[in-house]
Amino acid sequence: MADVNAPWLTVVGWGESGTSGLSAASRNALEDADVVFGAKRHLRLLPELKASVREWPVPFADGIPQLLAERGGRVVMLVSGDPFWFGAGTTLSKHLDPAEWRAEPAPSTFSLAASRLGWALETCQCLGLHARPLTRIRPYLQPGRRLIVLLRDGEAVAELARLLERYGFAGSTLAVLEALGGDQERHRTLAGAGSLPDDIRHPVAVGVDVAGEGPALPLVPGLADDFFEHDGQITKQAVRAVTLSALAPRAGERLWDIGTGSGSIAIEWLLAHPANQAVGFERSPERAERARLNARNLGVDWLDVAQGAAPEVLVDRPAPDAVFIGGGLSQELLDTLWRVLPTGVRVVANAVTLESEALLAQWQQEQGGELLRLGLAAAAPIGGRRGWKASYPIVQWRTVR
């Protein structure tokens with residue numbers, strides 16, 4: 001007799017070895033199931049079962065109602081490898097109570113790849129890019145680093161090789177690993193885009209041993225200005241480093257970057273942690289599009305750039321954890337922020353004109369916080385000698401709403 005208190009859904013990790021690679025618990029779940037769901041490539045490896053076997057539709061979300069309609073039966077969902085490491089388990093569990101399901105994981109593709117390559121998995125950067133832009137690899141391109149990347153197909157492998165060449169890391173070695181754990185498993189070690197074969201099959205993972213002279217992204221705030229396309233409307237490197245230190249990004253936080261220009265502050269906020277979010281607000285459509293391009297090129301394509309004038313463009317946006325005002329500073333903007341922001345939000349504003357300085361001085365006197373004056377000078381020729389050429393000083397106000 002079935003246990004009425006047992007979960008009705010079992011999420012079974014599935015690999016290219018089919019049932020031979022399953023645990024006893026996973027085999028029992030399959031044998032007892034009334035319904036088995038899985039992708040076409042998973043179902044082809046199934047033995048004959050008493051259960052009704054159903055192919056999971058594309059797009060993935062279309063299958064959720066079909067699965068939930070079987071609630072109360074004995075249901076198995078086949079998913080690749082470890083369901084909760086770049087797997088479908090994360091999506092499925094959002095629609096279920098914890099008591100409704102259990103998971104029986106199999107070795108992930110990352111684990112199988114590391115074991116074939118002899119790489120210490122804990123030192124590798126693991127990226128699931130089979131359904132995401134490959135430019136997300138950009139922050140991890142550091143010479144000597146090892147990456148394991150899940151890709152959708154052979155064309156994606158070729159695209160990855162072209163990206164490595166474009167970023168200056170064409171010297172990287174690519175280990176192409178197909179159908180790991182199955183009868184059709186194949187490993188090939190290649191050097192760059194020119195050596196790629198045209199018969200790479202899905203499912204595929206690539207181990208990247210990063211090498212080259214390309215510019216790696218520094219791990220501290222303050223990227224060089226030439227990492228960004230801009231028309232001069234950019235928070236310069238030294239001031240940006242000080243500004244990001246004042247904004248103090250923490251994992252999972254959201255930034256409002258008002259007057260985003262090139263997007264440099266918002267982009268570095270996102271680079272601080274992959275769970276961070278940022279919205280850039282920009283009046284100019286050309287600058288807004290340039291900020292989006294910079295975000296894609298630097299691997300943080302999830303930057304949201306809202307084109308429009310502040311404060312009107314701020315309406316109905318999820319509340320931030322921090323706000324940076326790099327442009328469009330006005331009494332109206334500050335009045336609006338103090339009306340709509342919840343308490344505890346960190347606010348940093350930079351001013352360069354006398355009028356903006358006076359406004360920040362007034363608000364600092366009324367609201368508190370720190371008021372700093374940042375003066376920068378660079379060595380420059382004066383005839384046959386050199387002297388200090390000063391930039392416009394920056395007045396920065398840091399406070400907490």
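The expected span of a helix is 1.5 Å times one less than its number of residues. Helices (H or I, at least four residues) and strands (E, at least two) are DSSP runs, numbered from the N terminus. The views below come from a predicted model, in which local features need pLDDT of at least 70 and side-chain atom pairs count only at pLDDT 80 or more, while totals for chains, interfaces and linings use all residues. Residues are numbered from 1 along each chain as its sequence is written, and side-chain values use heavy atoms, with hydrogens and water left out.

View 1. Let us start with helix α6 (residues 154-166), whose 13 residues should span 18 Å at 1.5 Å a residue; the end C-alpha atoms are 19 Å apart, which agrees. Its buried residues are Gly154, Ala156, Val157, Ala158, Leu160, Ala161, Leu163 and Leu164, where buried means under 20% relative accessible area, exposed over 50%, and partly exposed in between (1.4 Å probe, protein chains only). Among the elements covering these buried residues are β7 (146-151), β8 and β10; contact here means heavy atoms within 4.5 Å. At the start of the helix, a side-chain oxygen of Asp153 comes to within 3.3 Å of the backbone nitrogen of Glu155. After α6 comes Gly168, with a positive phi near 95°.

**View 2. Strand β8 and its two antiparallel partners.** Five of the six residues of β8 (residues 173-178) are buried, so the strand is mostly covered. Two strands pair if DSSP finds at least two bridges between them. β8 runs antiparallel to β10 (residues 204-209), joined by six bridges, and Glu178 faces Val204 of β10.

**View 3. A seven-stranded open sheet.** Reading across this sheet, the order is β13-β12-β11-β14-β15-β19-β16, and the pairing is mixed. Which strands stand at the edges? They are β13 (304-307) and β16 (370-374), each with a single partner strand, so one side of each has no neighbour in the sheet. Neighbouring strands are turned by 15° against each other on average, direction ignored. Helix α9 (residues 285-297) packs on the sheet, where it touches β12 (277-282) and β13, and its direction makes about 175° with that of β13. Axes are lines fitted to C-alpha atoms, for helices over the stretch in contact, and angles run from 0 to 180 degrees between N-to-C directions. Further along the sheet, β15 (residues 346-351) pairs with β19 (residues 394-400) in the antiparallel sense over six bridges, and Val347 sits opposite Thr399 of β19.

**View 4. Gln396 and its polar partners.** Gln396 lies in strand β19 and counts as buried, at 0% relative accessibility. Its side chain makes a polar contact of 3.2 Å with the side chain of Thr243 and another, of 2.7 Å, with the side chain of Arg398. A polar contact is a pair of N or O atoms within 3.5 Å; within protein, one must be able to donate a hydrogen and the other to accept it, and residues adjacent in sequence count only if both atoms are side-chain atoms. Not counting residues up to four places away in sequence, Gln396 touches residues including Val242, Ala246, Val348, Asn350 and Leu372.

View 5. A polar contact of 2.7 Å links the side chains of Glu268 and Arg240. Leaving aside neighbours within four places in sequence, the contacts of Glu268 also include Val220, Pro221, Phe228 and Leu244.

**View 6. Cys124 and Cys126.** The whole structure has zero disulfides, a disulfide being a pair of cysteine sulfur atoms within 2.5 Å. The cysteine sulfur closest to that of Cys124 belongs to Cys126, and the 6.0 Å between them is too far for a bond. Cys124 is buried, with a relative accessible area of 10%, and Cys126 is buried at 10% as well.

**View 7. Backbone details in the loops.** Most residues other than glycine have a negative phi, and most peptide bonds are trans. The Val58 to Pro59 peptide bond is cis, with omega near 5°, and Pro59 lies in the loop between β3 (52-55) and α3 (63-68). The bond from Ala310 to Pro311 is also cis, with omega near 10°. Asp316 has a positive phi of about 65° and is exposed, with a relative accessible area of 76%. Ala248 has a positive phi near 50°; it is found in the loop between α7 (237-247) and β11 (254-258) and is partly exposed at 29% relative accessibility.
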